[in-house]
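Please open the model in your viewer and have the selection tool ready. The tour goes one selection at a time.

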Amino acid sequence: MAGWLRRHRGLVPYLFLLPGGAWLILFFVLPMLIMASVALQEGTLGTGYQLTFNFGIFPEVLGRYDAQFIRSLVYALIVTALTLAIGYPMAYTIAFRGGRYKNVLLLLVILPFFTSFIIRTISWKFILADQGFVLGTLKEIGILDEGFRLLATPVAVISGITYNYLPFVVLPLYVALEKIDYRLVEAATDLYASRAQAFLRVTLPLSMSGVFAGSLLAFIPAAGDYINAELLGGTRETTMIGNVVQTLYLTNNDYPQASAISLILMAGLILGVIAYQRILRGQELTV
Amino acid sequence: MTTDTATSASPAVARRPRRDPAAAILPAFTGLVVLFLLLPIIVMIVFGFNDLRGRFNFTWQGFTLEHYANIFTSQPRMNDALLNSIIVAVVSTLVATALGTLIGLALSRYEFRGRGPLNLLIFLPIATPEVVLGASLLALFVSAGVARDITTIVIAHVMFNISYVVVTVRARLVGFNRNVEEAAADLGADEWTTFWKVTFPLIFPGILAAAMLAFAFSIDDFVITQFTAGIDQTFPLWVYGASRIGVPPEVNVMGTIIFGLAILGIVAWSLLQRRDHLTATPTRMDR
């Protein structure tokens with residue numbers, strides 16, 4: 001074996017790739033192909049499916065679920081903007097003002113990962129509840145109207161998703177900012193740049209790799225989220241495209257429609273990522 | 001050592017005595033965001049001590065340790081689900097770490113054809129929303145007639161973790177100094193010995209980091225698990241199911257215990273690192 005390998009050195013990397021690559025082909029590529037074929041089939045779970053190359057299903061589901069597609073896109077854009085707006089100043093503070101508390105602050109950022117995502121979301125449901133200790137108290141004092149509510153509104157869903165993905169945005173932003181040689185910023189101010197100019201023309205451009213990675217890490221899962229929409233929303237006005245896929249697949253067993261929607265979602269996201277990468281020229285695709 | 005120059009450069013600006021009230025804005029803002037991140041965890045911990053009557057753990061009704069005393073007996077199905085979660089996380093972490101590390105090694109130290117498609121194959125599962133990954137795996141298992149149980153969950157978790165392991169291990173291998181391997185070979189070690197005595201110990205921290213990431217992703221996964229689980233439930237699935245009829249306080253207690261254990265682990269880990277750091281001699285190889 002060892003001698004054979006020595007004579008065929010070129011094969012060694014392929015042997016390394018074989019098990020992992022095979023796993024990804026069997027359980028990522030193949031399922032995608034099967035899903036594509038399911039999307040083009042017609043029939044029901046009871047009577048069985050037949051491949052009819054029903055390409056009309058794509059415009060059909062786009063038309064039927066246009067509101068949910070658009071809502072997911074809008075929510076994901078708002079969430080991405082919010083996580084960057086909250087995460088950037090935070091990452092900046094930790095990177096440049098953190099001093100010896102840097103590691104403690106970073107630990108605090110990832111602390112939410114130490115509890116289950118489901119438990120945290122249920123906790124938010126509890127915090128935002130109509131008569132919970134926050135809204136209930138504010139209503140009792142009279143600051144809020146008795147009918148005021150946050151649960152089952154877009155505000156709750158967007159806040160929930162923002163909460164969930166904020167740490168994923170802070171971390172790459174921190175990594176990018178931390179790498180910046182602060183002497184460059186000092187050089188800019190020595191050359192009479194104002195602090196705002198130094199930030200906009202030195203710090204911000206140098207941290208774009210973090211902005212790119214962070215916004216993808218927020219946008220992609222936000223666009224496919226259905227847990228926040230279900231637990232914190234739960235009304236027709238907050239249904240996202242992920243909820244549609246989940247219901248069609250797991251409740252209605254309407255596999256062709258669910259598959260078609262999944263494919264559209266995935267294709268849309270990949271095209272979006274490529275376009276975004278073009279806009280922020282030169283960013284690495286791999287995180 | 002880049003961190004040292006960054007930290008020693010920044011305090012020159014940060015520590016300049018300033019009367020500027022604007023200087024306090026960033027730290028105050030960061031503190032508020034940390035509070036926002038920790039709020040649902042604080043709620044989870046506090047309400048694990050709630051002496052509730054009835055089914056809904058929504059209002060504070062008095063302090064009790066009862067839920068802690070009965071944690072291992074009062075919700076047997078929750079404990080079964082937790083055990084399943086641990087089994088899935090351990091097995092999928094071991095498999096994904098092994099397969100991903102092999103791919104990472106191949107990518108960073110061999111020249112071979114097909115790097116482009118391979119990079120795409122690694123990147124796509126990260127860029128695909130979980131709901132689509134789950135849906136496609138369900139399509140695979142249904143059309144192959146495979147009964148869904150804990151095995152299908154493990155298969156799915158290995159799949160989505162391979163990419164994260166590859167990315168983490170590869171990042172660690174980028175700065176790897178191959179001279180030490182050549183030195184080992186010059187001193188008469190064969191390739192096998194060189195790998196286990198030189199290469200592996202040097203890249204082990206990267207592999208460990210990748211394994212910890214994979215474990216964290218696996219034990220907390222909800223979306224893909226919901227699509228690939230049949231009769232066997234994991235902890236997040238059980239909590240989600242319970243949330244429809246009111247979350248029992250035992251969930252808060254178990255969440256708090258897991259949170260505490262994770263923090264203990266981190267503290268122990270950083271203490272170990274500090275001790276290693278103190279006892280390490282300046283001639284260590286990874287310098």
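What is the mean pLDDT of chain B? It is 85, and 86% of the residues of chain B reach 70 or more; pLDDT is the predictor's confidence in each residue, from 0 to 100. This is a predicted model, in which local features need pLDDT of at least 70, side-chain atom pairs count only at pLDDT 80 or more, and totals for chains, interfaces and linings use all residues. Residues are numbered from 1 along each chain as its sequence is written, while chains are lettered from A and ligands numbered from 1 in the order in which they are written.

**Confidence**

Colour both chains by pLDDT. Chain A averages 89, with 96% of the residues scoring at least 70. Within chain A, the lowest confidence is in helix α1 (residues 2-7), at a mean of 70, and the highest is in helix α4 (residues 66-97), at 96. Helices (H or I, at least four residues) are DSSP runs, numbered from the N terminus.

In chain B, helix α1 (residues 2-9) is lowest, at a mean of 43, and helix α11 (residues 223-228) is highest, at 95. Select residues 1-18 of chain B: pLDDT stays under 50 there, and the model has 14 contacts beyond four places in sequence for them. Two residues are in contact if their C-beta atoms, placed from the backbone, lie within 7 Å. Then select residues 281-287 of chain B, where pLDDT also stays under 50 and the model has three such contacts. Where pLDDT is low, the predicted coordinates should not be read in detail. For the complex, the predictor gives an ipTM of 0.88 and a pTM of 0.86.

**Between the chains**

Show both chains together. In the contact between them, 72 residues of chain A meet 71 residues of chain B. Helix α2 (residues 12-39) of chain A gives the most to chain A's side, with 18 residues. That side has 53 nonpolar, 14 polar and five charged residues. Here Ala, Val, Leu, Ile, Met, Phe, Trp, Tyr, Cys and Pro count as nonpolar, Asp, Glu, Lys and Arg as charged, and the others, Gly among them, as polar.

**A helix pair in chain A**

Select α4(A) and helix α8 (residues 154-178) of chain A. They pack at an angle of about 40 degrees, with their axes 7 Å apart. Axes are lines fitted to C-alpha atoms, for helices over the stretch in contact, and angles run from 0 to 180 degrees between N-to-C directions. α4(A) and α8(A) are therefore oblique to each other (under 35 degrees is roughly parallel, over 145 roughly antiparallel, 65 to 115 roughly perpendicular and the rest oblique). Their contact has 22 nonpolar residues, three polar and one charged.

**Domains and helices of chain B**

Colour chain B by domain: domain 1 is 24-70 + 252-287 and domain 2 is 76-247, with bounds from an automatic or database domain assignment. The centres of the two domains, taken over C-alpha atoms, are 25 Å apart.

Next select helix α8 (residues 150-173) of chain B and α10(B). Their angle is about 150 degrees and their axes are 9 Å apart, which makes α8(B) roughly antiparallel to α10(B). Residues of α8(B) in this contact include B:H157 and B:Y164, and those of α10(B) include B:I203 and B:F217. By class, the contact has 12 nonpolar, five polar and one charged.

B:V180, B:E181, B:A184 and B:A185 in α9(B) meet B:T194, B:K197, B:V198 and B:T199 in α10(B).

Note on methods:
Helices (H or I, at least four residues) and strands (E, at least two) are DSSP runs, numbered from the N terminus.
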